[in-house]
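Visitor: I am new to this structure and would be grateful for a guided introduction. May we look at it together, one question at a time?

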Amino acid sequence: MEKFTTLTSRAIPLAIENVDTDQIIPARFLKATDKQGFGDNVFRDWRFHKNGDINSDFSLNNPKYSGSILVAGDNFGCGSSREHAAWALVGYGFKVIVSSFFADIFKGNALNNGLLPVQVSEGFLKLLLKTVEAQPETNLEVNLENQTISISNSDISESFEIDPYKKTCMINGYDDIDYLLSKKEHIEAFEMSR
Amino acid sequence: MGKTLFDKVWDAHVVDSVQNGPQILYIDKHLIHEVTSPQAFNELEARGIPIFRPNQIVATADHNTPTLNQDLPIKDALSRKQLEQLSKNCTKNGITLYELGHKYNGIVHVMAPELGITQPGMTMVCGDSHTSTHGAFGTIAFGIGTSQVAQVFASQCLLLTKPKSLRVTVNGNLKNGVLPKDVILYIISKLGTNSGTGYFCEYAGDVFENMSMEGRMTVCNMSIEMGARGGMIAPDETTFEYVKDREFAPKGEAFDKKVAYWKTLPTDADAVFDKEYVFDAEDIEPMVTYGTNPGMGIKISETIPVDDNASFKKSLEYMNFEAGESLINKPINYVFIGSCTNSRIEDFRVAASFIKGKQKADNVTAWLVPGSKQVEAQIIEEGLKAIFEDAGFELRQPGCSACLAMNDDKIPQGEYCVSTSNRNFEGRQGQGSRTILASPLVAAATAVAGKIVDVTKDIETLETVSH
């Protein structure tokens with residue numbers, strides 16, 4: 001897994017609530033047996049019309065927005081457990097997703113793929129969306145060590161929560177398999193004790 | 001302080017704790033299917049890690065499978081490849097697979113309970129969010145991502161932070177024609193799609209105590225639609241009776257010993273939950289959804305609410321519905337009875353009891369898709385297939401079918417589908433399709449009328465429909 005420490009980037013707004021993982025990557029694209037190529041189809045049915053034409057109204061297609069931070073509405077990533085959603089977002093180039101609330105399974109999947117979910121207050125989310133929409137050239141700064149997200153060249157900042165164990169994993173690029181394998185004796189002892 | 005059902009099962013499976021971090025939770029049963037497992041097998045292979053406990057894994061093919069002509073090769077090359085990959089991975093690693101055509105094949109959440117793989121007090125996972133279904137047995141069961149599938153492959157464990165506890169109690173008697181699907185759609189409509197996030201839910205009260213195992217599975221199945229990783233119902237005589245004598249259930253003395261343990265699992269009277277909701281069964285009516293998430297549901301007799309929220313408006317625009325309008329008399333061309341929510345024998349009994357002696361409306365394409373080969377056989381054995389065929393319905397072969405637009409069964413652009421599945425997300429049943437979630441009874445009534453009808457008005461017919 002790629003390490004994550006800090007990121008300064010412009011952001012793309014997605015002011016929609018309850019974005020489900022079917023929207024992030026529709027089921028018809030889940031037939032691959034590896035993790036590559038999902039980025040091409042991220043938000044497929046919002047980025048493209050059914051006839052294949054680009055939907056220029058959609059923020060990811062708007063040339064004024066760019067960057068590796070997605071600022072999304074409340075309850076991002078609800079629905080299906082498909083990790084393909086995290087692979088698609090990472091494949092497209094996102095490194096951070098900001099929202100006022102994340103669905104549980106998505107959040108875990110993101111963390112397991114080096115994609116940082118940053119949960120902010122509703123007020124801060126509104127402010128970020130407003131700022132990015134009005135001034136797309138604005139940079140956001142995410143500092144995992146200090147657990148802060150700020151608007152560059154301003155004193156506007158908020159801190160965010162992250163499980164200390166997952167934080168260590170993200171900063172060092174560790175994954176859970178390494179840790180679990182180091183506990184194999186404990187696991188075998190547990191099995192024997194039942 | 002007393003313990004909850006969830007606490008008891010969780011605590012019995014904690015191997016160790018990370019300092020200031022998550023716990024290592026032992027997983028009894030790991031269910032896998034073709035879509036979310038291949039990358040996990042690849043990961044282990046690339047890292048040279050063997051599968052730790054292949055005997056505790058059971059595989060089925062369900063998401064990609066066609067529901068017609070299952071004896072023929074699968075037409076879609078990518079689907080075929082994914083299913084072949086599953087077979088290869090299972091053979092190579094000594095994992096039991098109920099592939100297409102096997103007498104135990106079926107949707108993962110229908111197959112495992114009916115084979116007695118699912119038992120009270122267990123921990124179960126699957127790379128599928130509707131794994132919450134198995135909580136109906138008093139099991140901690142939840143969906144996981146593919147990285148976690150790989151973790152369980154490698155260690156039969158997961159690193160998890162214990163979720164908070166939530167209890168939803170529904171007391172009283174359900175009205176005629178109100179099915180378990182209506183109960184859970186009602187709960188989600190009241191609580192919203194993220195009220196359960198970070199929580200594990202227990203369903204309690206008369207309504208769940210009096211419910212069949214099939215009904216309990218329908219309810220627990222949709223726990224994830226309010227954000228809860230899982231939902232549980234305390235095991236009782238109904239549970240024990242269901243599990244008894246099933247293929248992989250313990251037998252004889254071993255079963256009695258298990259029952260004695262299972263009886264200790266229900267939540268203690270003095271246990272405290274982090275969050276509690278209480279509803280009255282009398283307030284619940286047959287439900288339908290009108291929007292693009294499962295929380296956007298109303299009683300069939302109600303009108304769509306008015307809301308200024310931009311996401312709410314976007315949702316109605318997608319559905320081509322107006323705020324304030326009723327769904328009664330909306331013409332419907334597609335009806336789907338199936339999915340891991342409502343494809344068990346009881347669901348087809350309800351549909352058949354309504355359909356018997358009536359005819360499917362000419363404008364309706366109806367897909368009746370059993371959840372497993374065993375359910376399919378039972379439908380035939382009980383004479384339900386004949387009832388469906390007499391009424392102009394076709395019974396298809398088992399699989400996830402039109403629930404998720406991954407196989408051939410897709411709803412066309414712009415069409416409405418009254419569906420017994422679990423998600424009405426945009427495009428969930430096919431690009432541009434519009435899903436209205438409902439019970440098997442409402443779906444059957446829609447198929448007969450060719451439009452949405454208020455089943456509560458049809459009391460005479462409903463008398464034969466039990467919950």
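Guide: Two strands are said to pair if DSSP finds at least two bridges between them. With that term in place, please note that the model before us is predicted.

Visitor: In what order do the strands of the open sheet of 4 strands in chain A stand?
Guide: This sheet is open and its pairing is parallel. Strands β2 (11–14) and β5 (116–119) of chain A each have a single partner strand, so they stand at the edges, with one side of each left without a neighbour in the sheet. On average, neighbouring strands of this sheet are turned by 20 degrees against each other, direction ignored. The order in chain A is β2-β3-β4-β5.

Visitor: Which residue of β3(A) is the bridge partner of A:I12?
Guide: Strand β3 of chain A covers residues 69–72 and pairs with β2(A) in the parallel sense over 4 bridges. The bridge partner of A:I12 in β3(A) is A:L70.

Visitor: Which residue takes a positive phi in the hairpin of β6(A) and β7(A)?
Guide: Strand β6 (residues 140–143) of chain A pairs with strand β1 (residues 6–9) of chain A in the antiparallel sense over 4 bridges, and A:N143 is there the bridge partner of A:T6. β6(A) also pairs with strand β7 (residues 148–151) of chain A, again antiparallel and over 4 bridges, with A:E141 opposite A:S150. The hairpin of β6(A) and β7(A) has 4 residues between the strands. The residue with a positive phi, near 55 degrees, is A:Q147.

Visitor: Which residues of α4(A) does α3(A) meet?
Guide: The crossing of α3(A) and α4(A) is right-handed. From α3(A), the contact takes A:A85, A:A86 and A:L89. By class, the contact of α3(A) with α4(A) holds 5 nonpolar residues, 1 polar residue and no charged residues.

Visitor: Are α6(B) and α8(B) roughly parallel or oblique to each other?
Guide: In chain B, α6 (residues 180–191) and α8 (residues 213–221) pack with their axes 8 Å apart; B:P180, B:K181 and B:I184 in α6(B) meet B:G215, B:T218 and B:V219 in α8(B). The angle of α6(B) with α8(B) is about 25 degrees, and angles under 35 degrees count as roughly parallel. The two helices α6(B) and α8(B) are therefore roughly parallel.

Visitor: Which helix packs on the sheet formed by β1, β2 and β8 of chain B?
Guide: This open sheet has the order β1-β2-β8 in chain B, with antiparallel pairing. Its β1(B) pairs with β2 (residues 23–26) of chain B over 3 bridges, and B:D16 stands opposite B:I24. The direction of the packing helix makes about 145 degrees with that of β1(B), and the helix touches β1, β2 and β8 of chain B. The helix is α8 (residues 184–193) of chain A.

Visitor: Which three residues supply 12% of the area that chain B buries against chain A?
Guide: The contact of the two chains takes 67 residues from chain B and 54 from chain A. The area buried between them is about 5,000 Å², with 55% given by carbon and sulfur atoms. The three residues of chain B that supply 12% of its buried area, more than any other three, are B:Q39, B:L159 and B:Q431.

Note on methods:
Residues are numbered from 1 along each chain as its sequence is written. Chains are lettered from A and ligands numbered from 1 in the order in which they are written. This is a predicted model: local features need pLDDT of at least 70, side-chain atom pairs count only at pLDDT 80 or more; totals for chains, interfaces and linings use all residues. Side-chain values use heavy atoms; hydrogens and water are left out. Axes are lines fitted to C-alpha atoms, for helices over the stretch in contact, and angles run from 0 to 180 degrees between N-to-C directions. Contact means heavy atoms within 4.5 Å. Buried area is the accessible area (1.4 Å probe) that two parts lose on being put together, summed over both. A crossing is left-handed if the near helix is turned anticlockwise from the far one by less than a right angle, and right-handed if clockwise. Ala, Val, Leu, Ile, Met, Phe, Trp, Tyr, Cys and Pro count as nonpolar, Asp, Glu, Lys and Arg as charged, and the others, Gly among them, as polar. Angles under 35 degrees count as roughly parallel, over 145 as roughly antiparallel, 65 to 115 as roughly perpendicular and the rest as oblique.
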